Amino acid sequence: MILNRILFKLVICLFLTIVIEAAFAFVLGIKTVRGQLIILLANVITNPLLNCALTVVSFYIDKNLFYYFLVPLEIAVVFVEGFIYKKVLNSKLNPFLLSLILNICSYFIGTGILNILH
């Protein structure tokens, strides 16, 4: 039962992240199918890893350490996605700034939505 809830939450988090970041990327000028696909693939790589690591911290290490892991892991995600965008995305925006903006939006909006749904 717990595994099903964890997997469901991971899928919901990934879905919200993809929708939110794709929407904000579009607003920021990433309007091609290729550009949107790059945003999607970057999130498919980083989001499950991030959320699995945070789940392990919460369940198996110490729930109180969640935010101590969250910040450095989110920073790592910004850099990994920024590097991906720098290598394969044609954007006028700095790729690391784009990654930072998208991740801030998806974190706060996604967290808000999850809190409402909970």
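The model is predicted, so local features need pLDDT of at least 70 and side-chain atom pairs count only at pLDDT 80 or more, while totals for chains, interfaces and linings use all residues. Residues are numbered from 1 along each chain as its sequence is written, and side-chain values use heavy atoms, with hydrogens and water left out. In brief, the chain has four helices and zero strands, and 35% of its 118 residues count as buried.

**Overall fold**

- Reading from the N terminus, the elements run α-α-α-α; helices (H or I, at least four residues) and strands (E, at least two) are DSSP runs, numbered from the N terminus.
- The radius of gyration is 14 Å, close to the 13 Å that the globule rule gives for 118 residues, so the chain is as compact as a globular protein of that length.
- That radius is taken over C-alpha atoms, and the globule rule is 2.2 Å times the number of residues to the power 0.38.
- The C-alpha trace spans about 45 × 25 × 20 Å along its principal axes.
- Of the contacts with a separation of 6 or more, 65% are between residues 24 or more positions apart; a contact means heavy atoms within 4.5 Å.

**Surface and nonpolar patch**

- A nonpolar patch on the surface is formed by Ile2, Val56, Phe59, Tyr60, Ile61, Tyr68 and Phe69, with about 800 Å² of accessible area together.
- The elements giving two or more residues to this patch are α2 (33–61) and α3 (66–88), and the largest share, four residues, comes from α2.
- Phe69, one of the patch residues, lies in helix α3 and is partly exposed at a relative accessible area of 32%.
- For these labels, buried means under 20% relative accessible area, exposed over 50%, and partly exposed in between (1.4 Å probe, protein chains only).

**Aromatic pairs**

- The structure holds three aromatic pairs, including a tilted one between Phe79 and Phe96, with 6.0 Å from centre to centre and 50 degrees between the planes.
- This pair links distant parts of the chain, with Phe79 in helix α3 and Phe96 in helix α4 (residues 95–117), 17 residues apart.
- Phe79 counts as exposed at 53% relative accessibility, whereas Phe96 counts as partly exposed at 28%.
- Tyr107 and Phe108 have ring centres 5.0 Å apart and planes at 85 degrees, so their pair is edge-to-face.
- Tyr107 is partly exposed, at 24% relative accessible area, while Phe108 counts as exposed at 57%.
- Rings of Phe, Tyr and Trp (its six-membered ring) pair if their centres lie within 6.5 Å; planes under 30 degrees apart count as stacked, over 60 as edge-to-face and the rest as tilted.

- Tyr85 sits in helix α3 and counts as buried, with 1% relative accessibility.
- Not counting residues up to four places away in sequence, Ser99 touches Val77, Val78, Glu81, Gly82 and Tyr85.

**Leu28 in a loop**

- Leu28 is placed in the loop between α1 (2–27) and α2, and it is partly exposed, with a relative accessible area of 32%.
- Beyond its neighbours within four places in sequence, Leu28 is in contact with Leu93, Leu98, Ile101 and Leu102.
- Leu28 and Leu93 are 65 residues apart along the chain, and their C-alpha atoms are separated by 8.2 Å.

Conventions. Patch = residues over 30% accessible without salt bridge, like charges linked within 9 Å, V, L, I, M, F, W, Y side chains within 5 Å. Areas by Shrake-Rupley, 256 points an atom, 1.4 Å probe, with all protein chains shown as cover. Salt bridge = Lys/Arg side-chain N within 4 Å of Asp/Glu carboxyl O.
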